[in-house]
Each structure stands twice: as structure tokens, then as C-alpha cells.
Number of protein chains: 2
Amino acid sequence: MTATTDHRRARTGPPAAGHRDAAAPAGATLPGVTLWRRVADQIAQAIAVGTYGTGTRLPAETELAAHYGVNRHTVRRALAVLRERGLVRPARGSGTYVEAPRLAYPIGTRTRFSEIVGASGRQAGGRLIAGAQELASIEVARRLGLKPGAPVVRLELMREADGVPLCVATTFLCATRFPGADRVYAARRSMTRTLAQFGIADYRRGATRVTATTVDLGDAARLDVRPDSPILVVDSIDVDADGRPLLTTRTRFAAERVELVLES
Amino acid sequence: MTATTDHRRARTGPPAAGHRDAAAPAGATLPGVTLWRRVADQIAQAIAVGTYGTGTRLPAETELAAHYGVNRHTVRRALAVLRERGLVRPARGSGTYVEAPRLAYPIGTRTRFSEIVGASGRQAGGRLIAGAQELASIEVARRLGLKPGAPVVRLELMREADGVPLCVATTFLCATRFPGADRVYAARRSMTRTLAQFGIADYRRGATRVTATTVDLGDAARLDVRPDSPILVVDSIDVDADGRPLLTTRTRFAAERVELVLES
DNA sequence: TTTTATTTGTCCGTATGTATA
DNA sequence: GTATACATACGGACAAATAAA
């Protein structure tokens, strides 16, 4: 018997307890809302205002409970919400820490990485990890409209903001059309300028697909995230003015640091 | 760097020659590419063709090694790539299983959920988990353009394809403008029809933001995924013809089952 | 419930070809 | 030309988790 079938399994169903918390007493701001929700809002507000700065440790749960005049469990419920939102990160035995706000990353446009990062007042950085010429796998060939085995240039990039790694990206270009693209990129340090070197004045995003997985060990090290961290995987194909594919890229974002903003 | 350009395997020394032509000619298709890459392509192709069906177990690593005439480590290297691509999922002690192909989910358009799922030949399903009127938190109020504490309707939805849960969504609507929206939705079972009931003939996507986190326990149970699974979090605001916010939704997708397709 | 076999995960090592300083 | 580092491929052993007897 096929042992798998995670889904399709006959789930007798968790009752999915719709939390109907007893509306607890007092609390100044929003009467009528559940207490843990009010506490969550207050802590979130404190983080937004800067009372608790990025990277700092929140007061212990017992202290927060005393400060807001609620039970520690109510604080824990509130912190769970903030954790889910990505605002804080609990560390067992150490404390709960304020996460850095996620960088809003516009996608599906022509915007340049350095402009995106610069717009948020941070210093954009990046480097070419590796570049090589190889032969196209079936998958890459299909995306670039080439035959499997055709020569392609592979670029491995890493990009960071204020020295914090944001994403690593693997790009493939047709080696016949862009010979030595890896060396060109190493010199020009920009995809736009690299393509311009080969006479491509304009290009646009042809297709974009977004998924999420857990990080693998190599990317975990390069992105400086814990193993099993979630990452955003963005597969994209850029095409020239005639719609012909120029390059295909798989970008892995550290999900905890980035928020993709889709422009419609 | 030009690695693997001339990767000839005609060695004189060790008698490893008889490997390549056992049962399956792994080398026939793409000479020059690294061996593990060829094996990965072949297995991926076998999955695509249907030789290994969704949910079934792949032959053991030792069997695959024998079948392709390579070492087990080479097979492992190939499987690691497929795992990274989300095609297979290894289970220690049990085997390596073929993942279900991810449902392509267009986003940023007006497409209806049932149409999206139906287009892939699956049966769309869904149900209202919970609906209630409450008071807006700071965050919800900001997104809906209301004052904190204003009455809002909260809808908790779950959506599935062929009985497999795809996502759970939390939607907030202004209770003043849409009184009893939860009961209306329970009857009409569609957001479009619910809004139509209140005289909203047309609405569009105003803003969309995408992140990823690890699933929390409640969603893990409802989505029927393992704890610590990655989920795609899509925050969206829908607006009316005048650009005024109608509703805001946070959708959590089981990342292993969905692939967001951005349309540009 | 215990045992046994199977399968993946993680080490060790060896050999070879390639790229780089 | 030489030395070094790295990637590929193979061989073996054992641990850990799972499934079946």
C-alpha cells in the first residue's frame, strides 16, 4: 500500500474550535474585543512606534503580563499572533525578539533591485557567487526555448540590504546569444547593464511563479537563516521586446525578511 | 569558469565502463552533462510521463541506481534536485514519494476560485468555517479605512480541490456597509454573490502582498499538513469601482500544493 | 509487543578530471 | 610546469526511521 497520502486521508476532522473567548474585563482602547487581541494590538503598536526596537528583546512574558494587567497566558496568546504575523520571534530559554520589518519587494515590474532596496533607505549590496557555462537541462531548455543540451551560462547571485542577505538567485542565459555573460556580469555587476552589453536595450518580465518551501542547507548558509526556515521561491522568465525568452531565474528569498508586493 | 565543458568519461584505468549501458542508457540523451543531472532529468521525465504516478513510491535508491547503472550516491544527488524542485518528498525508512503537481493559482485578477480549480480538471469545494461580527483591530481598521473599534464581519473560509484543502482565508468586511455578511455568505457561498447582494456589482484587487511562514497548529490541522510546513501568506485588499476598500483578506495556502501565477 | 527487514540519511574513504593560483 | 583546491563518481559502513512479520 502506498504509505503516503497525507492528503486524501479520511480526516475525521478536528472540530476547528472557533475561539469564542470570553470577553475579558477592562482594557482602555478597544472595549468589546477579546483581551488577547487588544494586548496584541498594543504590543504591535509599541513595536511600530519604536518602544521595542528591531532586534531587541521584549520584556519577559511575566513582565508583559504585569504591565498590561493580564494573565501570562493572555500575553502568550497575543504573542502567538504577532509571531504569526512575523513581528516577533520567540527563542526558548532566551526571550522574544523583535523581528526586522520585512522589506517590501515590488515584483512583476521593471524595477531594479538597487532601486527597490534604496527606496527603503537601505544600502543595496550583492555579489556574484559563481558563474559558469554548462549544458541546459530539460527544464532550463524548456524555459529558454532551447534544445536540451544547448550551452547556457549560469549565474549564481546573492543580494543583500545593509549587509543582510535577502535572496540568492540562479539565472540561466543562452550561451550562444550571450557568450561570456558570466564575465560580463562580473564586470558590470548588473543584469540590465549586462544585457545592454549584448545589445539588449529593453526587456520585460514574461512570467512569474511564486512558491514556498523550506530552505536547503546551502541556501540556509548563504542567506544566514536557520535550517527549516521558509523561503519564497520566485521563478521568472524575462523576455525581449519580441517576447522571446532572454533569461530565466529562480530566486530564493529569506521569507522572514521580504514581502513581495504585487502591482496590478 | 566553464566547468564541465569537456567532461569525457573514456577513462583507461578503472573498469567502470560497463555501467552506462545497463537497462537504461542514462548517457544517451545529453552527453557532456554531469551524470547526476542526467539521472535527475530522466527521473523527472518519468514522473512527467506518468511512469511514476502522483503519490506513489519511487523505487528504492538502490533500485534506481541499478536501473540507471550508477552509484547510489549519484541517485541521491539527483533526487536532491527533484526534492528541491518539489517533485518528490523523501520519507526516511519508507521511501521517496512523488508529490502532487502544484495547482497553478492565478493571482491579481478577477478570476473566481471555482474557475481556477475547475480549469485544472478538479472539483472545487469550500466551506465557511466561522463567521462573526467583531470590532476592528488597529491593523484591520487601517486596511479597511475605518476607525479602530468599528464593527466588522469576520469570515473564516476553507477552500479545497478534489477534497484536498488548498487554503484557509480570513476576510474582514465593514459591518456597517455589509450587515450580516456572514449569514449572506453562508447562504450564497460566494464572495462575488455576497457583495452583489449588497449592491456591489463590480470590484477589483487593490493590493496584494505575499510572504511565507511556517504553519501554525490551527492551520496545520485545517490544511492537513505536517507541522512546520511552509505556507504562502497572501494579504489582499479588494476595492470597489471608486477605489474604496471593500474587504481585506489574509489567505494561507498550503505551499506544497499551490503555485501562485502572477499575471503581468 | 517484539523482532526483522527495508529504506533513507550520514558518515568514512578512494580515484579522477578540471580549474585556479 | 607545479601545486592546490574543488567537483564528480564510486564503494562501503552504520544509524535512524519505518513497515511488516
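This is a predicted model: local features need pLDDT of at least 70, side-chain atom pairs count only at pLDDT 80 or more; totals for chains, interfaces and linings use all residues.
Let's begin with chain A. Its secondary structure comes to eight helices and ten strands. Of its 264 residues, 46% count as buried. The chain exposes about 13000 Å², and carbon and sulfur atoms supply 51% of that area. If you look at contacts in chain A with a separation of 6 or more, 56% of them involve residues 24 or more positions apart.

Eight strands form an open sheet with mixed pairing, in the order β3(A)-β10(A)-β7(B)-β8(B)-β9(B)-β6(B)-β5(B)-β4(B). Its edge strands are β3 (103-107) of chain A and β4 (124-135) of chain B, each of which pairs on one side only. From one strand to the next, the twist averages 20 degrees. Helix α6 (residues 181-188) of chain B packs on this sheet and touches β4, β5 (151-161) and β6 (164-174) of chain B. The direction of the helix makes about 25 degrees with that of β5(B).

Within the sheet, you can follow one pair of strands closely. Strands β7 (residues 203-214) and β8 (residues 230-240) of chain B run antiparallel and are joined by eleven bridges. Thr211(B), for instance, has Val233(B) in β8(B) as its bridge partner.

Now for the inside. In soluble globular proteins, nonpolar side chains tend to be buried together. Here, the largest nonpolar core has 36 residues, and Val210(A), Leu232(A), Leu260(A), Val210(B), Leu232(B) and Leu260(B) have the most contacts inside it. Leaving aside neighbours within four places in sequence, Leu232(A) is in contact with residues of both chains, including Phe253(A), Leu260(A), Val210(B) and Leu232(B).

Finally, which charged side chains meet? The structure holds 37 salt bridges over all chains, and three of them are shown here.

| Salt bridge | N to O distance | Relative accessible area |
|---|---|---|
| Asp240(A) and Arg177(A) | 3.3 Å | Asp240(A) 6%, Arg177(A) 33% |
| Arg76(B) and Glu61(B) | 2.8 Å | Arg76(B) 41%, Glu61(B) 17% |
| Arg244(B) and Asp240(B) | 3.4 Å | Arg244(B) 46%, Asp240(B) 4% |

Asp240(A) counts as buried because its relative accessibility is 6%, under the 20% cut-off. Arg76(B) in helix α3 and Glu61(B) in helix α2 of chain B are 15 residues apart.

Salt bridges can also share partners: Arg37(A), Glu134(B), Arg154(B), Glu156(B), Asp219(B), Arg222(B) and Arg252(B) are joined this way into one network.

Terms used
Residues are numbered from 1 along each chain as its sequence is written. Chains are lettered from A and ligands numbered from 1 in the order in which they are written. Side-chain values use heavy atoms; hydrogens and water are left out. A nonpolar core is a set of buried Ala, Val, Leu, Ile, Met, Phe, Trp, Tyr and Cys residues joined through side-chain atoms within 4.5 Å. Buried means under 20% relative accessible area, exposed over 50%, partly exposed in between (1.4 Å probe, protein chains only). Contact means heavy atoms within 4.5 Å. Helices (H or I, at least four residues) and strands (E, at least two) are DSSP runs, numbered from the N terminus. Accessible areas come from the Shrake-Rupley method with a 1.4 Å probe; for residues, only the protein chains shown count as cover. Two strands pair if DSSP finds at least two bridges between them. Axes are lines fitted to C-alpha atoms, for helices over the stretch in contact, and angles run from 0 to 180 degrees between N-to-C directions.
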